[in-house]
Amino acid sequence: MRVKQVQANETRLPEPEAGEAIVVSKYGDGDDRRKAVILHPDDFDLFERYRRIFAAREPYEMRVSDVAVVAHELAERGGDEPDLDLDSLDRALR
Amino acid sequence: MGATTAAGLRGAILWALVGFVPEAPFRLWHGDKQRHSSLPDARTFGEQARHQGLDAQQTFLVEGKLRPVVLLQDRPRNVLREIVALRMIRLESLPDPEQSSIREQREPSLFHLPLRESKYGLSKEMAVDLNALVRVHATALLPRAVGRLDDNEMRVIGHRLVQHLDIDLEPLLARLVDERLEQLTSPEGP
C-alpha cells in the first residue's frame with residue numbers, strides 16, 4: 001500500500017484510540033458510502049504486518065464477521081440448543 | 001453404516017453425536033478407579049511425552065452433543081468410516097439483530113435454513129456454520145436422515161467452503177481453462 005505523509009498542522013483529523021476505526025462518510029450520503037477510514041498508528045502497523053505476512057492470500061478468518069464468531073462460539077460450547085428438537089429427533093429414530 | 005438415505009449421504013441432514021474439540025486444560029482419563037488428571041497446555045503434554053514417559057495417545061475427557069449436521073460426502077464403498085459434515089446453529093439462540101443478519105443472507109459463514117420441516121426435517125430455524133467442519137464416524141449417526149439440502153444449496157456451500165478453508169483453486173482452474181482451450185482449438189474440435 002502506498003503511504004502518504006501529512007503533517008498534523010496541515011489537516012484536522014479526529015484522533016482514534018487503539019482498536020478503534022473512525023469511518024468518514026461522504027457528505028449527504030449518510031453512513032452508506034465511505035470516504036476514508038482513520039486508524040490508530042498501532043492498528044495501521046498491525047494491518048501492514050498482516051499484509052506482509054499473508055501477501056495476496058488473505059486468510060478467510062480476516063473476513064469472518066462478528067455475528068459469525070458469536071454464533072460459532074455459542075455452538076462450540078453447546079449453548080445453541082438448550083432443548084432438543086424432539087419432533088426432528090423422532091423422525092431420525094423412526 | 002447405520003444411516004439410511006436413498007439419495008446418498010451428501011447433503012443429507014442427520015442427527016449425530018458430535019464431540020467438542022479438545023482444548024486446554026486437557027483432562028486425561030486413566031481408568032475407572034483412577035482420578036483423571038489435567039494438563040494445562042499442549043506444550044506441557046509434549047514435554048511430558050518427551051521427558052517423562054507420558055504416552056502420546058491418551059483418553060481425553062471431552063464433551064459431545066447430539067445434534068443435527070449436514071453431511072458433505074457420500075460413502076458408497078463404506079470403506080472410509082468417518083464423514084465430513086458441517087454443524088448447525090439454532091437461530092433462536094442468537095440475539096434478534098444477529099438473526100436478522102443471517103435471514104437477510106448478510107452472513108457468508110452462516111447458511112440460512114428457513115423453517116421448512118418437509119425439506120429440512122427440523123422444527124427450528126437453523127443456519128449451517130461454515131466455520132464448523134466436523135468429522136463424524138458412521139456409527140455416531142442416527143439411522144435416518146431427517147432432511148436434505150438440494151444440489152443448488154450444496155453448490156453454494158461448496159463454493160463458500162473453498163473460501164472458508166483457504167483452499168487455493170487458482171492452479172486447478174488455470175489448468176482446466178488450458179485443457180478446455182486446447183480442446184476448442186485442436187483440429188479435431190471439442
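Which exposed residues does the face of α2(A) turned away from its buried side carry? I will come to that after the two chains themselves.

This is a predicted model, in which local features need pLDDT of at least 70 and side-chain atom pairs count only at pLDDT 80 or more, while totals for chains, interfaces and linings use all residues. Residues are numbered from 1 along each chain as its sequence is written, and chains are lettered from A and ligands numbered from 1 in the order in which they are written.

Chain A to begin with. Its secondary structure is three helices and two strands, where helices (H or I, at least four residues) and strands (E, at least two) are DSSP runs, numbered from the N terminus. The order from the N terminus is β-β-α-α-α. The radius of gyration of chain A is 22 Å, well over the 12 Å that the globule rule gives for 94 residues, so chain A is more spread out than a compact globule. That radius is taken over C-alpha atoms, and the rule is 2.2 Å times the number of residues to the power 0.38. Along the principal axes, the C-alpha atoms of chain A fill a box of roughly 75 × 35 × 20 Å. Of its 94 residues, 12% count as buried. Buried here is 20 or more other C-beta atoms within 10 Å of the residue's own, exposed is 12 or fewer, partly exposed is in between, and the C-beta atoms are placed from the backbone.

Chain B has five helices and nine strands. Along the sequence they follow β-β-β-α-β-β-β-α-β-α-β-β-α-α. Its radius of gyration is 22 Å against the 16 Å that the globule rule gives for 190 residues, so chain B too is more spread out than a compact globule. The box for its C-alpha atoms is roughly 75 × 45 × 35 Å along the principal axes. Buried residues make up 27% of the 190. Among contacts in chain B between residues at least 6 apart in sequence, 68% join residues at least 24 apart; a contact is two C-beta atoms, placed from the backbone, within 7 Å.

Now the sheet in chain B. Six strands form an open sheet in the order β7-β8-β6-β5-β1-β9, with antiparallel pairing. Two strands pair if DSSP finds at least two bridges between them. At the edges stand β7 (110–113) and β9 (147–148) of chain B, each with a single partner strand, so one side of each is left without a neighbour in the sheet. Four bridges join β7(B) to β8 (residues 126–137) of chain B. In that pair, H112(B) stands opposite A127(B). Helix α4 (residues 151–164) of chain B packs on the sheet, touching β7 and β8 of chain B, and its direction makes about 75° with that of β8(B). For that angle, axes are lines fitted to C-alpha atoms, for helices over the stretch in contact, and angles run from 0 to 180 degrees between N-to-C directions.

Next, the contact between the chains. It takes 25 residues from chain A and 33 residues from chain B. On the chain A side, the elements giving two or more residues are α2 (66–76) and α3 (86–93). The largest share, eight residues, comes from α2(A).

So what is buried in α2(A)? The residues are V67(A), A68(A), A71(A), H72(A) and A75(A). Seen down the helix axis, they fall within an arc of 125°, so they line one face of α2(A). The arc is that of the directions from the helix axis to the C-beta atoms. What covers them includes β6 (82–90), α2 (96–103), β7 and β8 of chain B. And the opening question: the face turned away from the buried side carries the exposed residues D66(A) and E73(A). After α2(A) comes G78(A), with a positive phi near 80°.

Last, some backbone details in chain B. A cis peptide bond joins A24(B) and P25(B), with omega about -5°. P25(B) sits in the loop between β1 (12–19) and β2 (26–29) of chain B. N78(B) is not a glycine but has a positive phi of about 65°. N78(B) lies in the loop between β5 (64–71) and β6 of chain B, and is exposed, with 8 other C-beta atoms within 10 Å. D166(B), also not a glycine, has a positive phi of about 55°. Its place is the loop between α4 and α5 (170–185) of chain B, and with 12 C-beta neighbours inside 10 Å, D166(B) counts as exposed.
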